[in-house]
Amino acid sequence: STQDNFKRQAARKALEYVPHDEYIGVGSGSTVAIFIEELASIKDRVRGVVAASIESRDLLEQHGIKVVALADVGKLPVYFDGADEVNHSLQMIKGGGAALLGEKIVAHASRQFICMAGESKYVSKLGAFPLPVEVVPFARSWVASQLVKLGGRPVLREGVITRGGHEILDVHDLEIYEPMKLEDEINRIPGVMENGVFARHPADVLILGHSDRAEVITV
Ligand code: DER
């Protein structure tokens, strides 16, 4: 599909940012899945990969790429991941794939964040995509009431329990004028494990896939 083509253009360009003989981190989603396929062609160059999600770990192993644990590698030089939205400051909304807790951990454990996305993800203001918030199940209703006070309309993502045993509330109708402030405000609500605003730790490089090329954007 056209979207897949955008993703592949971005994933191919991202290979240029893979350092020689280093550990790297990868996130989750369909763009990362394409990146992992492309990575297989240069897997001898990679010392090992820290996967932020179980799906990515399994995909890496299927491609014969060495998977290592974050605990065994400390700080990573670079982290590759997709996004649901990315603004012109390279702040992101993530969590469409319910792996946002692992993704934010590995992103913060990495020196550089390379975001790969199709052109439709590049927006001037975040918030059209409902914001995923990972919550402790028994606190779900109370957290939802606090998110309503922030102007959101939280909707439980039915049938999803995350790797950490939590639920996801997708928060619609948020007007996100100050992403960093919102990221901190939501994470201060007791019962919230993590949320999908990646503003404290924006991407360093955005590789935007178009139909026939990839565009490299930095701030
Ligand atoms: O869940 C996530 O954070 C993914 O990275 C998501 O934001 C991007 O998924 P996609 O590459 O399938 O659009």
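Which strands does helix α5 (residues 100-108) lie across, and at what angle does α5 run to β3? Helix α5 lies across β1, β2, β3 and β6, running at about 145° to β3. Contact here means heavy atoms within 4.5 Å, and angles run from 0 to 180 degrees between N-to-C directions, with axes being lines fitted to C-alpha atoms, for helices over the stretch in contact.

## Ground rules

This is a predicted model, where local features need pLDDT of at least 70, side-chain atom pairs count only at pLDDT 80 or more, and totals for chains, interfaces and linings use all residues. Residues are numbered from 1 along each chain as its sequence is written, and side-chain values use heavy atoms, with hydrogens and water left out.

Helices (H or I, at least four residues) and strands (E, at least two) are DSSP runs, numbered from the N terminus. Two strands pair if DSSP finds at least two bridges between them.

## The six-stranded sheet

Let's start with the open sheet of 6 strands, which goes β2-β1-β3-β6-β12-β13 with mixed pairing. Out at the edges are β2 and β13, each with a single partner strand, so one side of each has no neighbour in the sheet. On average, neighbouring strands of this sheet are turned by 20° against each other, direction ignored.

Now for the pairings. β3 and β6 are parallel, joined over 5 bridges; Tyr79 stands opposite Phe113 in β6, and Leu76 has Ser110 as its bridge partner in β6. β12 and β13 (residues 214-217) run antiparallel, with 4 bridges joining them. These two form a hairpin with 4 residues between them, and Gly209 has Ala214 in β13 as its bridge partner. As for β6 itself, 7 of its 9 residues are buried (under 20% relative accessible area, where exposed is over 50% and partly exposed lies in between, using a 1.4 Å probe and protein chains only), so β6 is largely enclosed by the rest of the structure.

## Helices around α2

α2 packs on this sheet too, touching β1, β2, β3 and β6, and its direction makes about 150° with that of β1. It has helix partners as well. The axes of α2 and α3 (residues 54-62) come within 10 Å and cross at roughly 20°. That makes α2 roughly parallel to α3, given that angles under 35 degrees count as roughly parallel, over 145 as roughly antiparallel, 65 to 115 as roughly perpendicular and the rest as oblique.

From α1, Asp4, Lys7, Arg8, Ala11, Arg12 and Ala14 meet Ser30, Thr31, Ile34, Phe35, Glu37 and Glu38 in α2.

## The nonpolar core

The largest nonpolar core has 24 residues, and those with the most contacts inside it are Val18, Val26, Phe35, Leu39, Val49, Leu60 and Phe80. Such a core is a set of buried Ala, Val, Leu, Ile, Met, Phe, Trp, Tyr and Cys residues joined through side-chain atoms within 4.5 Å. At least two residues of this core come from each of α1 (2-14), β1 (23-26), α2 (30-39), β2 (48-51), β3 (76-81), β6 (110-118) and β12 (205-209). The largest share, 5 residues, comes from α2.

Phe80 is worth a look: leaving out residues up to four places away in sequence, Phe80 touches Ala14, Tyr17, Val18, Ile24, Gly25, Val26, Gly27, Val32, Phe35, Ile114 and Met116.

## The four-stranded sheet

There's also an open sheet of 4 strands, ordered β8-β9-β7-β10 with antiparallel pairing. Its edge strands are β8 (153-156) and β10 (192-195), each pairing on one side only. Neighbouring strands of this sheet are turned by 30° against each other on average, direction ignored.

β7 (residues 131-135) and β10 pair in the antiparallel sense over 3 bridges, and Val135 has Val192 in β10 as its bridge partner. Helix α5 turns up here as well, lying across β7, β9 (167-172) and β10 and running at about 65° to β10. Helix α7 (residues 179-187) packs on the sheet too, touching β7 and β10, with its direction at about 160° to that of β10.
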